[in-house]
Amino acid sequence: MTQTALPWAEKLGDPLAHDVATVLQRMGGSAHQDIVINCVAALKRQRGESVTHDLKMKIIEVFERYRDFFIRPFGEGSLRWALAPGVA
């Protein structure tokens, strides 16, 4: 997966948030948190970037920080995340 110019790309200045949004978009708009984490790790490895032990925590922080872009379609407590309506 390569980073491409998607409608929300400029609004997400954080490269990790961009990766998360890219993964969700490629998964049809939503996916389980663990799948997103694994796919982002794979993206980073493909680009030759290191994957650190704290990647999971950083991705969860991205989900929470960018709540205008990422929602929990099944409510709080769910581990499924989705792109907010109008973002994809």
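Arg 47 and Asp 19 meet through their side chains in a salt bridge, at 2.6 Å from N to O; the term covers a side-chain nitrogen of Lys or Arg within 4 Å of a carboxyl oxygen of Asp or Glu. Arg 47 sits in the loop between α2 and α3 while Asp 19 belongs to helix α1, so the pair ties together parts that are 28 residues apart in sequence. Keep in mind that this is a predicted model, where local features need pLDDT of at least 70, side-chain atom pairs count only at pLDDT 80 or more, and totals for chains, interfaces and linings use all residues. Residues are numbered from 1 along each chain as its sequence is written, and side-chain values use heavy atoms, with hydrogens and water left out.

**Salt bridges**

- The count of salt bridges comes to 9.
- How exposed are the two partners, Arg 47 and Asp 19? Arg 47 is partly exposed at 34% relative accessibility, whereas Asp 19 is buried, at 2%. (Buried is under 20% relative accessible area, exposed is over 50%, and partly exposed is in between, with a 1.4 Å probe and protein chains only.)
- Glu 64 has a salt bridge to Arg 67, side chain to side chain, at 2.8 Å from N to O.
- Glu 64 also meets Arg 72 in a salt bridge, this one at 3.2 Å from N to O.
- Of these residues, Arg 67 is partly exposed with a relative accessible area of 29%, Glu 64 is partly exposed at 36%, and Arg 72 counts as buried at 17%.
- Elsewhere, salt bridges that share partners join Asp 19, Lys 44, Arg 47 and Glu 49 into one network.

**Helix α3 and its buried side**

- Helix α3 spans residues 55-65, and its buried residues are Leu 55, Ile 59, Val 62 and Phe 63. (Helices are DSSP runs of H or I with at least four residues, strands are runs of E with at least two, and both are numbered from the N terminus.)
- As background, an α-helix has 3.6 residues a turn, so residues three or four places apart point the same way.
- The cover over these buried residues includes α1 (15-26), α2 (33-46), β2 (70-71) and β3 (80-83).

**Leu 16, seen from α1**

- Leu 16 lies in helix α1 and counts as buried at 13% relative accessibility.
- Leaving aside residues up to four places away in sequence, Leu 16 touches Val 40, Leu 55, Lys 58, Ile 59 and Val 62, where contact means heavy atoms within 4.5 Å.
- Leu 16 and Val 62 are 46 residues apart along the chain, yet their C-alpha atoms are separated by 7.4 Å.

**Aromatic rings**

- How many aromatic pairs does a search of the whole structure find? There are 3. (Rings of Phe, Tyr and Trp, the last by its six-membered ring, pair if their centres lie within 6.5 Å; planes under 30 degrees apart are stacked, over 60 edge-to-face, and the rest tilted.)
- Phe 63 and Phe 70 have ring centres 5.5 Å apart and planes at 90 degrees, so that pair is edge-to-face. Both residues are buried.
- Tyr 66 and Phe 69 have ring centres 6.5 Å apart and planes at 70 degrees, so they too are edge-to-face. Tyr 66 and Phe 69 are both buried.
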